[in-house]
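Hi there,

I'm handing over a structure for you to look at. Have a browse through it first, and then read on for what turned up.

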Amino acid sequence: MYKIFLTFMFVVSLNAELVDGIAIVVKGKAITLYEIKKEMQISGVDEKKASDVLIRKKLEEVESDERKISVSSSEVFDDIKKTASRNNMNVSEFYEAVRNSNGISSSELKIKIKEKILSQKLYSAIAYSSVSQPNETEIKEYYELHIDNFSHPKAFLVVIYNAKDKQRLQEKIANPMFYAPDIATNEQTLPYDRISPELAGLLARTPINSFTPIVPDGKGGNTSFYLKEIEANTNSSLDDVRAQIINMIMGETREQVLSDYFARLKHNADIKILRTVNK
């Protein structure tokens with residue numbers, strides 16, 4: 001009898017710990033304290049904003065289930081392959097480049113891509129009509145209102161370090177005076193409009209007189225860029241960013257429709273707040 005009582009108390013205690021780990025329940029789907037803390041850390045937001053983001057994701061999951069909308073692993077992989085191809089990389093090299101430059105693992109990248117595709121499918125299912133392309137007046141107005149967003153460095157002056165052996169390249173980065181005949185160097189000026197958006201973003205995030213993280217070179221080797229100088233910012237012309245602006249306007253319109261829809265859904269949904277991070 002005593003052993004049974006102890007076993008019962010252990011089970012009750014364990015269940016209490018599991019329940020305590022759940023912070024919010026959205027239409028039967030749980031959000032844990034760990035998920036909230038992780039979202040706060042990754043996004044740099046407070047608890048309320050992190051909770052709102054996670055509630056929205058749970059509502060999207062429920063909506064997707066009810067509408068039988070899904071995203072297959074092949075759809076995610078196809079999206080990743082296309083992005084890798086645009087950067088002259090195979091998929092493995094692209095995973096490594098993303099991990100080195102953004103600290104995102106391949107698993108986390110797949111989740112983000114899946115969420116993006118799911119959001120696009122949800123919009124198509126929820127919206128009464130497809131988003132029409134903005135007219136010329138709307139494009140010009142958007143450009144003029146957000147002109148600062150379309151400014152970028154004219155060029156990057158870099159020294160390109162390339163090696164087959166990643167470890168040797170890492171040694172060179174750690175000690176630039178280290179003599180390594182198997183590491184090729186090449187000083188170049190890279191015009192902003194002649195390199196991929198991903199490389200431009202990587203260089204823009206790198207402090208002057210610093211190395212970028214090591215990334216695959218697309219030829220079976222490894223590369224790091226030493227940033228010596230950034231030429232002064234210049235504004236992109238409307239023609240240069242027209243396609244980008246069209247995508248941005250249409251993306252913002254889709255997101256507004258989805259936000260309004262899920263705000264109404266949240267207002268009427270069965271959402272239980274069980275506890276907060278600080279309590």
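Let's start with two helices, H6 and H10, which are roughly perpendicular to each other because their axes cross at roughly 70°; angles of 65 to 115 degrees count as roughly perpendicular, under 35 as roughly parallel, over 145 as roughly antiparallel and the rest as oblique. Those axes come within 10 Å. Here an axis is a line fitted to C-alpha atoms, for helices over the stretch in contact, and angles run from 0 to 180 degrees between N-to-C directions. Helices (H or I, at least four residues) and strands (E, at least two) are DSSP runs, numbered from the N terminus.

Before going further, please note that this is a predicted model, in which local features need pLDDT of at least 70 and side-chain atom pairs count only at pLDDT 80 or more, while totals for chains, interfaces and linings use all residues. Residues are numbered from 1 along each chain as its sequence is written, and side-chain values use heavy atoms, with hydrogens and water left out.

Which residues make the contact between H6 and H10? On the H6 side they are Ser119, Leu122, Tyr123 and Ile126, and H10 brings Arg254, Val257, Leu258, Tyr261 and Phe262; contact means heavy atoms within 4.5 Å. By class, seven of the contact residues are nonpolar, one is polar and one is charged. In this scheme Ala, Val, Leu, Ile, Met, Phe, Trp, Tyr, Cys and Pro count as nonpolar, Asp, Glu, Lys and Arg as charged, and the others, Gly among them, as polar.

Phe77, Ile80, Lys81, Thr83 and Ala84 of H4 meet Val91, Phe94 and Tyr95 of H5.

Next, the open sheet: three strands lie in the order S2-S1-S10, with antiparallel pairing. Two strands pair if DSSP finds at least two bridges between them. S2 (29–32) and S10 (271–273) are the edge strands, each pairing on one side only. S1 and S2 are joined by four bridges, and Ile22 stands opposite Thr32 in S2. These two strands form a hairpin with two residues between them, and Lys27 in the turn has a positive phi of about 50°. Helix H3 (residues 47–66) lies across S1, S2 and S10 and runs at about 155° to S2.

Finally, the largest pocket has a volume of about 1200 Å³. On a 1 Å grid over the protein atoms alone, a pocket is an open set of points where a 1.4 Å probe fits, with protein on both sides within 12 Å along at least five of seven lines, and lining residues have an atom within 4 Å of a point. Grid points are joined across faces, edges and corners, and a volume is the space filled by probe spheres set on the points. The lining has 37 residues, with Glu39, Leu54, Lys57, Ile111 and Glu115 nearest the centre. H3 gives the most to this lining, with 13 residues. The lining of the largest pocket comprises 14 nonpolar, six polar and 17 charged residues.

Happy exploring!
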